[in-house]
Amino acid sequence: MKRFHHMPFGAEPGDGGTHFRLWAPGARQVELLLGGDDGEHSLTLASHDDGWYRTHAAGVGAGSRYRYRIDGDLCVPDPASRCNPDDVHGASLVVDPLAFDWQDAGWRGRPWHEAVIYELHVGAFTASGDFDGVRRRLDYLVELGVTALELMPVADFPGRRGWGYDGVLPFAPDSAYGSPTALKTLVQEAHARGLMALLDVVYNHFGPDGNYLHAYAPTFFNAAHHTPWGAAINFDAPGSEVVRDFFVHNALYWLEEFHFDGLRLDAIHAICDDSRPDIVEALCGAVQAGPGREREVHLILENDRNCARYLRRDTDGRPQCATAQWNDDFHHAAHVLVTGEDDGYYADFARRPAAQLGRCLAEGFAFQGDPSPFRDGAARGEPSAHLPPLAFVDSVQTHDQVGNRAFGDRLHQLGPAPAVEALTAVLLLAPQVPMLFMGEEFATEQPFLFFCDFGPALAQAVTDGRRREFARFARFADPATRERIPDPGAETTFAASVLDWATIDRPPHAARLALYRRLLAVRQRHIMPRLAGMPGGQAGYTLAGERALTVHWRLGDGSRLALAANLTDQPAQLAPQPGRVLYLSDGLDTTQHAAGRLPPWSVAWTLADAAP
């Protein structure tokens, strides 16, 4: 496997020392401070007309600490630091990218049709809260039936605990989770077990604490575009060439230097870029022209705008830009069916959730240019029925949809068990790529709360802001109720979110885990091998009443996969689907299925081979 040895940013050992590079177009002078806080000595970096400052420090190698002093005053870490052991305000560490002894030379990734994703937060996944803790659970994931682990962002963020979406040093794995070597070891051990390793990255903003770029590289931002975090990252104004390179190389860095098999690009709808190709297209193109030519590499988008154009395929069905997108429409329709909630963005799915779920299963997005009541009737989305199901990642729980609830409630805590199990059977056997969120497979009792570790003033602002955010919901109208919302800055809030693995063998957790394993075994044996080459536009759905439906797909080998689902608490009559039975919900027998009589909250999956 090719390694990516050179970046135009940061510190790179070589030539008997280390090359240091910093883009600081707003600075008059940049000094390199070597040796950390004790015994520092300085070198003045040579200035270039394009805003770059460079120097080569002889005798300085891996393990050396360094930082920059701007205009004789402000001391900052390297924005392209590969490691920042003392958090985002401390000195950076020179890392030799060639030092790790990779043993996965034969690994070429896995094709996308084999993906079953498990999203996890490194800090809350195990009691140790680090990369090694995740590594020790890899065998469990394999036994579960997962083929890809997806790490929530690990780029260095302020403090010892946080979701990772407030990172400020995008090249440095957060030291709270372990060293770069520990992360590489995790990826290597995943590959040894046949698991893909995916990483969530954030290219739409920097966090509010520890980002010094405004002070010495103001052209890194474009005030013409306003975002919830202030001026947008500059992807389309003068100076944007360097900024675009910074993030493109960040993507390549994770894929090549850490051997990740793919990236999930957070909230690209919050990226402001009027240029063409925009940064998402440019990044996807660089990945396809680089590591994507040598092995299977997958790029996954989060995009509230449902822009199908990013998911376009060529005539052979290969992605021309991104591989897939998180389909929040599927989640929201499923959530409403289980819980009946209709506030916030769930208002868009309150009237016809089964029909919208059917549209997601057959056509991709539920909103394909349709008016969104939640957005005051504005049109949302683009037509997606021509795209293959593998262009969509579906879920019934994610860090967003659990963690952005006031109390971090899990789905099984919000609706009846038969309803959750029925939607789980829909999720795990549909042709779309299924994604689990850590702990859902054994119905964990641990919530996943919003937590962070800011300084006192910012922490209080976050706590107050979060409680104000929920004040618009009727059930939080009482200030006393809002006061019960866990404080994001309290260490107890984080501790409450850490999974308790001791419960998985106890009722009712063991039964839920057995269901997930059973369903994923069916997927792996009967469905996964037939998904390769599956085209778009070969599916359809039919409603039976308001909350029962049938869906069918033509798979890549020409066989016909069909779902009959009764997603209500009353019996339903549906047209029997042809083919041999792959799965029937508990309480649904073969006689009932043959007659099309489905009990409440029941699901039937069938598969018919292609005609000779």
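1. Helices (H or I, at least four residues) and strands (E, at least two) are taken here as DSSP runs, numbered from the N terminus. On that basis, helix H6 is followed by His259, whose phi is positive, near 60°.

2. This is a predicted model, in which local features need pLDDT of at least 70 and side-chain atom pairs count only at pLDDT 80 or more, while totals for chains, interfaces and linings use all residues. Residues are numbered from 1 along each chain as its sequence is written, and side-chain values use heavy atoms, with hydrogens and water left out.

3. The protein contains 16 helices and 30 strands. Its radius of gyration (over C-alpha atoms) is 25 Å, close to the 25 Å given for 612 residues by the globule rule (2.2 Å times the number of residues to the power 0.38), so the protein is as compact as a globular protein of that length. Along the principal axes, the C-alpha atoms fill a box of roughly 80 × 60 × 45 Å.

4. Of the 612 residues, 60% count as buried, that is, under 20% relative accessible area with a 1.4 Å probe, protein chains only. Among contacts (heavy atoms within 4.5 Å) with a separation of 6 or more, 72% join residues 24 or more positions apart.

5. Helix H6 covers residues 240–257. H6 is mostly covered, with 16 of its 18 residues buried.

Terms used: Buried < 20%, exposed > 50% of the residue type's maximum accessible area, 1.4 Å probe, protein only. Expected span 1.5 Å × (residues − 1).
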